[in-house]
Every structure is written in structure tokens, then in C-alpha cells.
Amino acid sequence: MFFDQYDTQVGVVGVLAGPAGVRRVGWRLNPEGASTEPDETVQAALGQLREYFAGQRRDFDLPLDWPQLEPTTAAVLRALMTVGYGETVTYADLALRSGTGIPARAIGSIMGANPWPIIVPCHRVVAADGLGGYSGGERGHELETKRWLLENEGALP
């Protein structure tokens with residue numbers, strides 16, 4: 001596994017990747033045991049993230065190293081990948097879109113377990129009556145991070 005990170009407008013974002021693709025993206029990654037030698041996949045991911053944060057990229061084109069996930073979790077994350085840049089979807093709408101039959105309240109737990117925030121855009125999932133929660137971002141700044149990401153995409157005024 002390989003690891004690198006860079007400082008964004010919403011904190012230091014790290015990328016962990018290997019031969020199968022990007023395994024994790026996040027703010028509090030523990031790269032223990034990972035090499036910090038240059039790696040093509042990690043650098044491609046960081047490059048695309050830099051473009052996203054600069055407003056130059058709307059979609060990511062990266063191989064993802066899918067961990068063993070419950071089929072429902074995988075279906076919800078795949079459905080989430082259809083929510084485009086600048087769009088939002090409610091927890092209930094994502095539950096319907098996934099075709100899994102799970103209740104909307106279960107979507108939040110799946111979003112919290114998303115191994116690729118930003119790339120698989122869990123920040124685009126909102127509550128019917130507001131922003132909802134978010135587990136990405138620096139500790140204590142999670143909702144600020146979600147708001148910034150949505151504002152940056154033009155999804156919030």
C-alpha cells in the first residue's frame with residue numbers, strides 16, 4: 001500500500017492506494033505500514049482531488065479498491081456515484097435510488113462508512129429538512145466541511 005496527502009481548503013486529505021486502486025480517502029487516515037514512496041495511483045488521486053478543490057474537476061476517474069462490503073452497502077455506494085456534481089439527494093431518495101429497500105435512516109450509517117469521501121460523494125446526501133450529518137473533515141469541523149464542499153459545487157447558495 002502507498003500513502004500521500006495534501007492540505008486542502010478543508011484540511012489535510014490523505015489517499016491510501018495499492019495495485020487494485022484507491023482503498024481509502026480521508027482526513028484522519030493512519031498510513032501505518034504504507035509506503036510514502038511515489039505511487040502512480042496515489043498521485044493520480046491527489047491530482048484529481050487538487051483539480052476538484054480548484055474547481056477544475058467535476059467527476060473522478062480512478063480505480064477503486066472495493067473492500068468486502070455488505071451487498072446493501074455496496075449498492076447504496078454505487079447509487080451514490082450517480083449523484084452528479086452540484087446536485088444533492090436526500091437520504092430517502094438515495095435509499096430509493098439504491099433499490100435496496102433499506103430505510104432512509106440506515107443511509108447515514110452507510111455514508112459514515114464510505115471509504116472514499118469526495119470521490120464517492122457522500123457530502124451530496126442531505127436531510128429532507130437541512131444539511132444532515134457528515135463524518136468527513138477535520139475533527140470538530142465536519143459540518144463546516146460538508147457545507148464548504150456543497151457551496152464549492154454550487155449546490156448551496
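User: Which residue in strand 3 is the bridge partner of Ala-17?

Analyst: In this model, which is predicted, the bridge partner of Ala-17 in strand 3 is Val-22.

User: What about strand 1, how does it pair with strand 2?

Analyst: Strand 1 and strand 2 are also paired in the antiparallel sense, over seven bridges, and the hairpin that joins strand 1 to strand 2 runs through two residues. Asp-4 stands opposite Val-15 in strand 2, while Thr-8 has Gly-11 of strand 2 as its bridge partner.

User: How many of strand 2's residues are buried?

Analyst: Seven of the eight residues of strand 2 are buried, so the strand is mostly covered in the sense that these residues have under 20% relative accessible area.

User: Which of its residues are buried?

Analyst: The buried residues of helix 1 are Thr-41, Val-42, Ala-45, Leu-46, Gln-48, Leu-49, Tyr-52 and Phe-53. They lie on the same side of helix 1, because the arc they cover around the axis is only 165°.

User: What does that side pack against?

Analyst: The buried residues of helix 1 pack against strand 1 (2-8), strand 2 (11-18) and strand 3 (21-26), and also against helix 5 (142-152).

User: What caps the N-terminal end of helix 1, and what comes just after the helix?

Analyst: The N-terminal end of helix 1 is capped by Asp-39, which has a side-chain oxygen 3.1 Å from the backbone nitrogen of Thr-41. Just after the helix, Gly-55 takes a positive phi of about 80°.

User: Which residues touch the most others in the largest nonpolar core?

Analyst: That core has 40 residues, and those touching the most other members are Leu-49, Leu-80, Leu-94, Ile-107, Met-111 and Ile-119. Strand 2, strand 3, helix 1, helix 2 (71-80), helix 3 (91-98) and helix 4 (104-112) are the elements that give two or more residues to it, and helix 1 gives the most, with six residues. As a general point, nonpolar side chains in soluble globular proteins tend to be buried together.

User: Leu-80 is on that list; what does it touch?

Analyst: Setting aside residues up to four places away in sequence, Leu-80 touches Leu-94, Met-111, Asn-114, Val-120, Pro-121, Cys-122 and Val-125.

User: Where is Cys-122, and is it buried or exposed?

Analyst: Cys-122 is in the loop between helix 4 and strand 5 (125-126), and its relative accessible area is 7%, so it counts as buried. Beyond residues up to four places away in sequence, Cys-122 touches Leu-80, Met-111, Asn-114, Pro-117 and Tyr-134.

User: Which residues of helix 3 are buried, and what covers them?

Analyst: In helix 3 the buried residues are Tyr-91, Leu-94, Ala-95 and Ser-98. Since they cover an arc of only 105° around the axis, they are on the same side of helix 3. What covers them includes helix 2, strand 4 (89-90), helix 4, strand 5 and helix 5. Helix 3 is then followed by Gly-99, whose phi is positive, near 70°.

User: Last one: where is Leu-156, and what is it in contact with?

Analyst: Leu-156 is in the segment after helix 5 and, with a relative accessible area of 25%, is partly exposed. Leaving aside neighbours within four places in sequence, Leu-156 is in contact with Leu-131, Arg-147, Leu-150 and Glu-151. Leu-156 and Thr-88 are 68 residues apart in sequence, while their C-alpha atoms are 9.2 Å apart in space.

Terms used. Residues are numbered from 1 along each chain as its sequence is written. Side-chain values use heavy atoms; hydrogens and water are left out. Buried means under 20% relative accessible area, exposed over 50%, partly exposed in between (1.4 Å probe, protein chains only). Helices (H or I, at least four residues) and strands (E, at least two) are DSSP runs, numbered from the N terminus. The arc is that of the directions from the helix axis to the C-beta atoms. Contact means heavy atoms within 4.5 Å. A polar contact is a pair of N or O atoms within 3.5 Å; within protein, one must be able to donate a hydrogen and the other to accept it, and residues adjacent in sequence count only if both atoms are side-chain atoms. Two strands pair if DSSP finds at least two bridges between them. A nonpolar core is a set of buried Ala, Val, Leu, Ile, Met, Phe, Trp, Tyr and Cys residues joined through side-chain atoms within 4.5 Å.
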